[in-house]
Amino acid sequence: MSFPKVEGYVFTEKLGSGSYSTVYKAYTKIGARTIVAIKCIDKSSVKHSGVAVDNLITEIRLMKSLSHPHIVHMKEFTWDTKNIYIIMEYCCGGDLSKYIQRYGRVPEKQVLYFLQQLAQALKFLREKGVAHMDLKPHNLLLHKRSDGKYLLKVGDFGFAQHLTSERMRCIRGSPLYMAPEMIAGDYDARVDLWSTGVIMYECLFGRAPYASNNLQELMKKIQRKDPIQIPPNSSVSQGCCDLLIRLLQHDPNKRISYVEFFNHEYLDLEHMPSKENYDKAVCLIKQAIELDCAGSLEPALRCYSEGLQYLVPVVHVETDSMRRTALTAKLTRYMERAEEIMRYVKSQQQMPIVSRSEALPPVIGRSACCVGAASGNTYDFNGVDGATNSNLENGVQESDKCQNEPISEDKKIKTEKSRFARFFGRPVPYLDRENSADETKKTDKVEDNADMCKIT
């Protein structure tokens, strides 16, 4: 197979192709041999199509101006006599459509993790006044980091548009993910919300809501506005079901708005797992321990509560089983301490400092349970990073000296759903599936080429 030639790059394989372009994997000749994806657009295939040229110009212009962790980054573009080349970051995890095909129904916890990242990208696009217009699993790329965690990135802005006061009237996008109003040719940016709902539905149930044998059958379903139903035997949570139904409203005026979507309780963007939110948890838990040791119980309780809300999602998307065990043990101890303080604060408005050690067991020892700073792209605790057995056992033994009741290392997450919901006064999305820890194992398989990501 012959590859195009771009100065400074070595092509290695074909990744995919579309109507006007082909995408290749390549690496830089000089330096660290960074892996990239190069989209090659054949000039002869677009020169007679004004729409294709407009889409190409729009895509290049937008990708140059959009810089966000969950949007594919364009490094540069160039051209020769035959092709136009868009050189982008390479996402080694493939795209979401391949992920769905490989695993079938995606665990709800993982769907939420992807959905939060997509929502962050959409929020950024809204701030920039951009609508994507062609959201679908093929255009959502996955980068699997060396620590096993996926980053979802929105790509292919060929149909994207800067928003204006005028409603758009030309048909864009892929029919299976296309909002009903696009068929009528009168629509606005709310079509991206419908597409998000279709993607979410397909991830959860293994097929799009209007999956059909042919295009004609699909168009009839869309035009008839066939009701979309949640499969009766599904086990998705109430919050997930509510968001899904509100996204998949045929009438855009009845569909959830962007503001409502970004603020939906189930989506909970404020506490989504990320390094930044882990750092917030670190800071808040440290403050809680210091306040607790000083006897300031009510401020300590507030810090524990806020810190735990950031910490829970981080723990439940951790892919390394040993580290997840260590994080869960820490999370359990902080939760028990917070519950203990809450019960005491409710029973007594003020506790005499002199009787503190007798009335309320002291906080877990700092050496064993203070949270450590985040390191790189992993979520680590002092003394248990990598969760070696000796470190974990030492941590438990030290903490047991400081508490009346020893904490069993075998305590698992099965009671946390109701426990955290009661403590926070609301459902905790990442705990909605009781078997979420088991389901994670199904999606832990590393891609054959994932090791290449480490040199980018």
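Helix 6 and helix 8 are oblique to each other. Their axes come within 8 Å and cross at roughly 135°. Axes are lines fitted to C-alpha atoms, for helices over the stretch in contact, and angles run from 0 to 180 degrees between N-to-C directions. Angles under 35 degrees count as roughly parallel, over 145 as roughly antiparallel, 65 to 115 as roughly perpendicular, and the rest as oblique. The model is predicted: local features need pLDDT of at least 70, side-chain atom pairs count only at pLDDT 80 or more, and totals for chains, interfaces and linings use all residues. Residues are numbered from 1 along each chain as its sequence is written, and side-chain values use heavy atoms, with hydrogens and water left out.

Helix 8 spans residues 238-247. The crossing of helix 6 and helix 8 is left-handed. A crossing is left-handed if the near helix is turned anticlockwise from the far one by less than a right angle, and right-handed if clockwise. Helix 6 contributes Leu193, Trp194, Thr196, Gly197, Met200, Tyr201, Leu204 and Phe205 to the contact. Helix 8 contributes Cys240, Leu243, Leu244 and Leu247. Contact means heavy atoms within 4.5 Å. By class, the contact of helix 6 with helix 8 has 10 nonpolar, two polar and no charged residues. Here Ala, Val, Leu, Ile, Met, Phe, Trp, Tyr, Cys and Pro count as nonpolar, Asp, Glu, Lys and Arg as charged, and the others, Gly among them, as polar.

Helix 6 (residues 191-205) also packs with helix 4 (residues 108-127). The axes of helix 4 and helix 6 come within 10 Å and cross at roughly 160°. The two helices are therefore roughly antiparallel. Helix 4 passes helix 6 in a right-handed crossing. On helix 4, the contact is made by Glu108, Val111, Leu115, Leu118 and Leu122. On helix 6, Asp192, Thr196, Met200, Cys203 and Leu204 take part. The contact of helix 4 with helix 6 divides into seven nonpolar, one polar and two charged residues.

Helix 11 covers residues 297-316, and helix 12 covers residues 321-347. Their axes are 9 Å apart, at an angle of about 150°. That makes helix 11 roughly antiparallel to helix 12. The crossing of helix 11 and helix 12 is left-handed. Helix 11 presents Leu297, Glu298, Leu301, Tyr304, Leu308, Leu311, Val312 and Val315. Among the residues that they meet in helix 12 are Arg324, Leu327, Leu331, Tyr334, Met335 and Ile341. The contact of helix 11 with helix 12 has 16 nonpolar, one polar and three charged residues.

Over the whole protein, the secondary structure comes to 17 helices and nine strands. Helices (H or I, at least four residues) and strands (E, at least two) are DSSP runs, numbered from the N terminus. Of the 456 residues, 54% count as buried. Buried means under 20% relative accessible area, exposed over 50%, and partly exposed in between (1.4 Å probe, protein chains only). The protein exposes about 21600 Å², and carbon and sulfur atoms supply 49% of it. Accessible areas come from the Shrake-Rupley method with a 1.4 Å probe; for residues, only the protein chains shown count as cover. Among contacts with a separation of 6 or more, 66% are between residues 24 or more positions apart.

His264 sits in the loop between helix 9 (258-262) and helix 10 (275-293). His264 is buried, with a relative accessible area of 9%. Not counting residues up to four places away in sequence, His264 touches Gly239, Asp242, Leu243, Arg246 and Ile256. Asp268 lies in the loop between helix 9 and helix 10. Asp268 is buried at 15% relative accessibility.

Most residues other than glycine have a negative phi. Asp268 has a positive phi, near 45°. Lys225 also has a positive phi, of about 55°. Lys225 is in the loop between helix 7 (215-224) and helix 8. At 46% relative accessibility, Lys225 counts as partly exposed.

Two C-alpha pairs join separate parts of the sequence. Met133 is in the loop between strand 6 (130-131) and strand 7 (140-144). Met133 is buried, at 3% relative accessibility. Met133 and Ala160 are 27 residues apart in sequence and 5.4 Å apart in space, C-alpha to C-alpha. Lys275 belongs to helix 10 and is partly exposed, with a relative accessible area of 31%. The C-alpha atoms of Lys275 and Val314 are separated by 8.7 Å, at 39 residues apart along the chain.
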